[in-house]
Amino acid sequence: MARQESVAPGGTALLGDRRVARIGFGAMQLADHHGRTYDKQVATAILRRAVERGVTNIDTAQFYGAGVVNDLIRSALSPYREDLVLATKVGAVYDEAARLLAAQQPRQLREQVEDNLAALNTSTLGVVNLRRADMPPGITAEGDQIVDLDDQLAELISLRDEGKIAGIGLSHVSVDQLRRALPAGIVCVQNMHNMLDRTSEPVLDLCRTQAIAWVPYFPLGSAFEGIPKVTDHPAVREAAIALGATPAQIGLAWELAHYPGTLLIPGTSNPDHLDENLAAGNVVLPPELLETLENL
Ligand SMILES: NC(=O)c1ccc[n+]([C@@H]2O[C@H](COP(=O)([O-])OP(=O)(O)OC[C@H]3O[C@@H](n4cnc5c(N)ncnc54)[C@H](OP(=O)(O)O)[C@@H]3O)[C@@H](O)[C@H]2O)c1
């Protein structure tokens, strides 16, 4: 697939040993959770446009749209460009009653890796993020789903040794968990983080000291009700007007400025929003504004 622009959106940074564009794409918005509502034509156009515009990091999961999202990625983009990293996550599955359940046991993690490989039609997954389920939001593990982190990492290391995974990432983890996992060779951490929710800042600090890529999920505050939206904040809206940008671009530009190792994966099902998000790397936040946004 030809690139329309040679410049990587947002510049580049390392994801393990791969250099990727700092603005990537989060595929979760391409279908509803049960995979019943989606527009294949629009989703295909968005995925292809993202790659044509220089996106080299796409975040997905077999459980997005109950399998639909991985099918959309495969049909839109396979065979894949060599510079494209497909990052997926394991730790949850949909059951037959369309309920998202924790699936944290090592055997289940292996099954999910195999499911992702088959659905995406690839022999190696660029990154597999272990999505822990110790705390809300989202799925929380109970009973035999409360699994020791070391046992999970041992399975992922085996899968990496077998060549099925290139890099191991962590998602929804604490500082202690990240510290414990460091010997496994963690390439990225994917935690909830945005200008208005800085709960994970200590985890990000550990990523800084270890030069680990930081992949904030919900960088704009998500599509879910009840989570503050970055684009609604008066200071963000004011900054957007002042800089001739959009509020979403201010939110994403702030994440890029916050840590050079940040890799963005904003999610959208709207082609215009995709264009806006990819252009967020062109928005330069003056120092005084950066300080204001830091302290919101
Ligand atoms: N590891 C985890 O546990 C985890 C959890 C959740 C998500 N993720 C990953 O993180 C990615 C990002 O999270 P997310 O998609 O939930 O949240 P997000 O990127 O914070 O926000 C998505 C929401 O923002 C809207 N939006 C996107 N671009 C916009 C723009 N330029 N202007 C205005 N609104 C805009 C989208 O609506 P439109 O569709 O209308 O643009 C959607 O409602 C996901 O796609 C997924 O890959 C990981």
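Biologist: What is the relative accessible area of Asp 83?

Modeller: Start with the terms: a residue is buried under 20% relative accessible area, exposed over 50%, and partly exposed in between, using a 1.4 Å probe and protein chains only. Asp 83 has 30% and is partly exposed. This is a predicted model, in which local features need pLDDT of at least 70 and side-chain atom pairs count only at pLDDT 80 or more, while totals for chains, interfaces and linings use all residues. Residues are numbered from 1 along each chain as its sequence is written, and side-chain values use heavy atoms, with hydrogens and water left out.

Biologist: Which residue forms a salt bridge with Asp 83?

Modeller: A salt bridge is a side-chain nitrogen of Lys or Arg within 4 Å of a carboxyl oxygen of Asp or Glu. Here Arg 81 is the partner, with the closest N and O atoms 2.9 Å apart. Arg 81 is partly exposed, at 24%.

Biologist: How many salt bridges does a search of the whole structure find?

Modeller: The search finds 18. One of them joins Arg 53 and Asp 275, whose closest N and O atoms are 3.1 Å apart. To place that pair, note that helices (H or I, at least four residues) and strands (E, at least two) are DSSP runs, numbered from the N terminus. Arg 53 sits in the loop between helix H1 and strand E4, and Asp 275 in helix H9, so the pair ties together parts 222 residues apart in sequence. Arg 53 is buried at 12%, whereas Asp 275 is partly exposed at 22%. Salt bridges can also form a network, as they do among Arg 110, Glu 114, Glu 155, Glu 162 and Lys 164.

Biologist: Which residues touch the most other members of the largest nonpolar core?

Modeller: A nonpolar core is a set of buried Ala, Val, Leu, Ile, Met, Phe, Trp, Tyr and Cys residues joined through side-chain atoms within 4.5 Å. In soluble globular proteins, nonpolar side chains tend to be buried together. The largest core here has 64 residues, and Ile 58 and Ile 186 touch the most other members. Helix H2 gives the most to this core, with six residues. A second, separate core of 13 residues includes Ala 239, Ile 250, Ala 253 and Leu 285.

Biologist: What is Ile 186 in contact with, leaving aside its neighbours within four places in sequence?

Modeller: Contact means heavy atoms within 4.5 Å. Among the contacts of Ile 186 are Leu 153, Ile 168, Leu 178 and Ile 212.

Biologist: How many residues of strand E10 (186–190) are buried?

Modeller: Five of its five residues are buried. Next comes pairing: two strands pair if DSSP finds at least two bridges between them. Strand E9 runs parallel to E10, joined by four bridges, and Ser 171 has Gln 190 as its bridge partner in E10. Between E9 and E10 the chain passes through helix H5, in a right-handed β-α-β crossover. Right-handed means that, with the strands pointing away from the viewer, the path from the first strand over the helix to the second runs clockwise. E10 also pairs with E11 in the parallel sense, over two bridges. Val 189 has Trp 214 as its bridge partner in E11. The crossover from E10 through H6 to E11 is right-handed.

Biologist: How many residues of helix H8 are buried?

Modeller: H8 has 11 buried residues out of 12, including Trp 254 and Glu 255. What covers the buried residues of H8 includes H6, E11, H7, H9 and H10.
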